[in-house]
Amino acid sequence: MVGCRAEGGSVKRYGHWIGGEEHAPGSGEHIASTSPWTGSAVAEIAAGNRADVAAAVASASAAFAAWRALKPGARGRLMADIADGIRAERALLADLEGAEAGKPAAQSLREVDAAAAYFDFYAGLSNIPSGEVIDLGPGMHGYTTNEPYGVIGVITPWNAPLNQAARAVAPALLTGNVVVVKPSEFTSTTTLELARIATAAGLPDGVLNVVTGTGQEAGQPLVEHRDVRKVAFTGSLRAGREIGRVAADRVLPLTLELGGKSANIVFADADLPEAAAGAVRAFTANAGQVCSAGTRLLVADEIHDEFVDLLLERVKSVQPGESYGQMTTEDQFAKVQSYFEVAREDGATLAAGGAVTGEGWLVQPTVYTDVTNTMAIAREEIFGPVLAVLRFSTEDEAIAIANDSEFGLAAGIWTSDIARAHRVAARLEAGQVYVNEWLTGLVEGPFGGVKNSGYGREKGMEALRHYTQTKFVAVKL
């Protein structure tokens, strides 16, 4: 991977995207984003501050009335045009995503396709009726409307920057909101390119704005700005709690998608080879840098040894640098390595991996057995390709272990018993449950967590409810 270079061989310098055009940072300062593959600069992004955020929010506020007044079908057509624009610049976006986030080319292309799919999906929902008529008896007419909030602040993480931006921006725009996005300072370029593509597709100036910079200098002012009416945040539990404290003082509605330690349960009657393949995908996708990664594998006692053998055989086919990419940041690379010593001290058995490999920030796919649910590697989000294998003896015990977690983002069930699948799914404390597959890439299904994994929902039709507020009107006839 190489950096994106402007004419003359220099690294490209990005400004903020405000009001349909690029703006230099008020401070005049920039932040270099570097590639985990090479350590070289990919681009320079604007170091935003409170004044830059204020300019972006003002631009969005000025565009809100006209955007809200546009018919839903017209907004939908623009969503479809943005999807086409993303696909037209697929190679550029994939190159930037791969370079900044440390992803192999095939994965980067899938991320770009997924971003386009969000805009396509919500374009198709533009003319679905909303609101309802409520019977108040003779002489009265009651109805509800679903109205946009206004300015939505979107703060995205570094692990899937374009996907996360599209996931929030598309439904927010379709429902008549205007948006200011603050991407991670480590992976900002594809979000800036998305805003440029949207403007080129005909999105009115100011409807979508991007301010780059650190969480403290740009993210916090966005949450605190009095004209921001809702915030959607994806990231760490620690940062989510900090945002929640600010939002509580402002009585600001939030969508929070935070950490996860998702349980993947394999029953004795499962298709074991399929389950082993699915379990490997669940913890190695994107090098484990997925909030909903299946990093706790619960295996029935009677098949435990056989299944672990199948699992380890599948792990041998995973090639770091090809099957998945780098740890996106140096801090994350160090964090994952620190858990190898934690696992050893806790008494877990290293069955595969447990080391770095190759060049850059690559980590081997790592499997620990003899894990109990009290160990740190079974309770804390590592955010790397590290799997903890636990035993269970009964269905009730499996459910108890799965639910014994501060998180509740996703869960998996592998079984040939359809009654068991539904019975266990109903009892698992998770926002999404996958049966005989691990399906975090879906656009159509609502996504979000319970407990410390957050609240609110992204994706699917459900997201439209979270980007609107309900008004009730009663009329005496």
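What follows is a friendly conversation about a predicted model and the reasoning behind some of its labels.

Colleague: Let's begin with the whole chain. What makes the chain as compact as a globular protein of its length?

Modeller: The chain has 15 helices and 23 strands. Its radius of gyration is 23 Å, and the globule rule gives 23 Å for 477 residues, so the chain is as compact as a globular protein of that length. Along the principal axes, the C-alpha atoms fill a box of roughly 75 × 65 × 40 Å.

Colleague: Now some single residues. Why is His 225 called buried?

Modeller: The cut-off for buried is under 20% relative accessible area. His 225 has 17%, so His 225 is buried. This histidine is in the loop between helix H7 (215-224) and strand E11 (228-234).

Colleague: Which residues does His 225 touch, leaving aside neighbours within four places in sequence?

Modeller: His 225 is in contact with Ala 54, Val 57 and Arg 250.

Colleague: Why does Gly 259 count as buried?

Modeller: The relative accessibility of Gly 259 is 1%, so Gly 259 counts as buried when set against the limit of under 20%. You will find Gly 259 in the loop between strand E12 (254-257) and strand E13 (263-266). Beyond the neighbours within four places in sequence, the contacts of Gly 259 include Gly 235, Cys 291, Glu 381 and Phe 407. Leu 409, Asn 452 and Ser 453 are also among them.

Colleague: On to helix H6. How do you know that the reach of H6 is close to the expected one?

Modeller: H6 covers residues 189-200, which is twelve residues. From the first C-alpha to the last, H6 reaches 17 Å, close to the 16 Å expected at 1.5 Å a residue.

Colleague: What makes H6 mostly covered?

Modeller: Nine of the twelve residues of H6 are buried. Among them are Thr 189, Thr 190, Thr 191, Leu 192 and Glu 193. Leu 194, Ala 195, Ile 197 and Ala 198 are buried too. H6 is followed by Gly 202, with a positive phi near 110°.

Colleague: Which residues other than glycine have a positive phi?

Modeller: Asn 286 is one of them, with phi near 55°. Ala 287 is another, with phi near 60°. Most residues other than glycine have a negative phi.

Colleague: Where do Asn 286 and Ala 287 lie?

Modeller: Asn 286 lies in the loop between helix H9 (272-284) and strand E14 (296-300). Ala 287 is likewise found in the loop between H9 and E14.

Colleague: Are Asn 286 and Ala 287 buried or exposed?

Modeller: Asn 286 has 9% relative accessibility, so Asn 286 counts as buried. Ala 287 has 0%, so Ala 287 counts as buried as well.

Notes
Residues are numbered from 1 along each chain as its sequence is written. This is a predicted model: local features need pLDDT of at least 70, side-chain atom pairs count only at pLDDT 80 or more; totals for chains, interfaces and linings use all residues. Side-chain values use heavy atoms; hydrogens and water are left out. Helices (H or I, at least four residues) and strands (E, at least two) are DSSP runs, numbered from the N terminus. Buried means under 20% relative accessible area, exposed over 50%, partly exposed in between (1.4 Å probe, protein chains only). Contact means heavy atoms within 4.5 Å. The expected span of a helix is 1.5 Å times one less than its number of residues. The radius of gyration is taken over C-alpha atoms; the globule rule is 2.2 Å times the number of residues to the power 0.38.
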